[in-house]
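Here is a friendly report on one protein chain. Please take a look at the sequence and the 3D view before reading on.

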Amino acid sequence: MKKLIMALLLIAFFGCKNTSHKTVEEKVTGTAKAKPDGVAVIEQDIVPVKKAPQKDTIRNYKDTQMSEEFFQKAIIDLSDSSLTVYQNIRADYRIFGYQKPDTNSRKMIFFSVFTPDVEGNPYNCPYGSYYYSGAMRDTKIKYVKNTGAFVEAHLFKENNILPTPIYFLKDWVQFEERN
């Protein structure tokens, strides 16, 4: 019992380390054997597997490093509540829309100036990844309300509201009155 508790503590300790820049070594478990009563028992095979970390462009690697002096925010027009991300190759922006007002929740939509962030939708956002909001065909984003550190918005596709609200961090949004 003590060995099991010690093993769990070690797994928790090493599992929580930041491994974004290190090669990770994992143990693969496998071999399932069925007992006469039909319950499968898994015996552990300890085989070390080398796994190279995948590049996560959101963490500012050299080829996608963001410069604070060139940050661009999404604009919410106070006259019609539309949320717009403008296309600007000289600006730096990475704007996620989340399923809940929590940055650990599912990423629903993404806007970025960086090609590795957009091409192929690497963050698997259900509503896609785009360079700017105008690239979304027949789709508009409308601001609904403030929710803590987030703003809530809804997607309108051909005048129909999509069922899931999307939350954007207030830090990446700016309110303006357009004429």
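## Contacts along the chain

Of the contacts between residues at least 6 apart in sequence, 42% join residues at least 24 apart; a contact means heavy atoms within 4.5 Å. This is a predicted model, where local features need pLDDT of at least 70 and side-chain atom pairs count only at pLDDT 80 or more, while totals for chains, interfaces and linings use all residues. Residues are numbered from 1 along each chain as its sequence is written, and side-chain values use heavy atoms, leaving out hydrogens and water.

## Helices, strands and burial

The protein chain has two helices and 14 strands, which are DSSP runs numbered from the N terminus (helices: H or I, at least four residues; strands: E, at least two). Of its 179 residues, 31% are buried, meaning under 20% relative accessible area with a 1.4 Å probe, protein chains only.

## Aromatic pairs

You can find seven aromatic pairs here. Rings of Phe, Tyr and Trp (its six-membered ring) pair if their centres lie within 6.5 Å; planes under 30 degrees apart count as stacked, over 60 as edge-to-face and the rest as tilted. Phe96 and Tyr123 are edge-to-face, 5.2 Å centre to centre with 90 degrees between the planes. Phe96 belongs to strand β7 and Tyr123 to the loop between α2 and β9, 27 residues apart. Phe96 is buried, at 8% relative accessible area.

Phe111 and Tyr130 form a tilted pair, with 6.0 Å between centres and 35 degrees between planes. Phe111 lies in strand β8 and Tyr130 in strand β9, so this pair ties together parts 19 residues apart in sequence. Phe111 is buried too, with a relative accessible area of 0%.

Technical notes:
Buried < 20%, exposed > 50% of the residue type's maximum accessible area, 1.4 Å probe, protein only.
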